[in-house]
Amino acid sequence: MMKRISTLFLQAVIVLVGIVALAILIRFPLIEGRAANLDLLSIYADPFIIYGYAASIAFFVALYKVFRLLRYIGQNKVFSSDSVATLKSIKYCAIVLSILIVIAGLFVMISHHTEDDPAGFLAICILTTFIAIVAATAASIFEKILQKALDIKSENELTI
């Protein structure tokens, strides 16, 4: 019972994170400095905003995969090939997201105006890249552990 409650709580947290991230993606372009004198269509047609939306796809796919992994845990299907595949997908999403963040940081660093200071944006890029790399590393470690446990489980089933 306690395990079920904790997985439901974590799933609710994942859904809340997704909703907050979506709200930020919708609201931030409207209050961002470059959008002060633009109409609604011009704001969302900005190439950098479009790039941010495209990069966020990897984030939302990873959130969905974490939600699925929690569902497998709630159903006592942790030691399955589906869980290993889900962890592998989470790892790849985190790697792709970190690469896309680094590309955005490099673009801003190269193309910023001389009167602009990109230090804040670059600090956020470094922080989020670090978080994505930590998530990819954790998913990779859990994937290897789970794969090894799955191999031992299938070996024991063959022995009996």
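Which residues make up the largest nonpolar core? I noted seven: Leu-69, Val-84, Leu-87, Ile-90, Ala-139, Leu-146 and Leu-150. Helices α4 and α5 each supply at least two residues of this core. I took a nonpolar core as a set of buried Ala, Val, Leu, Ile, Met, Phe, Trp, Tyr and Cys residues joined through side-chain atoms within 4.5 Å.

The model is predicted, with local features requiring pLDDT of at least 70 and side-chain atom pairs pLDDT 80 or more, while totals for chains, interfaces and linings use all residues. Residues are numbered from 1 along each chain as its sequence is written, and side-chain values use heavy atoms, without hydrogens and water.

Entry on α5. I read helices as DSSP runs (H or I, at least four residues), numbered from the N terminus. Helix α5 covers residues 119-159, and its 41 residues should span 60 Å at 1.5 Å a residue; the end C-alpha atoms are 60 Å apart, which agrees. The expected span is 1.5 Å times one less than the number of residues. I listed its buried residues (under 20% relative accessible area, 1.4 Å probe, protein chains only); among them are Leu-122, Cys-125, Glu-143 and Leu-146. Their cover includes α4 (81-111).

Entry on Val-84. Leaving out residues up to four places away in sequence, I found that Val-84 touches Glu-143, Leu-146, Gln-147 and Leu-150; contact means heavy atoms within 4.5 Å.

Entry on Val-66. I placed Val-66 in helix α3 (residues 47-74). Val-66 counts as partly exposed because its relative accessibility is 26%, the class between buried and exposed (over 50%).
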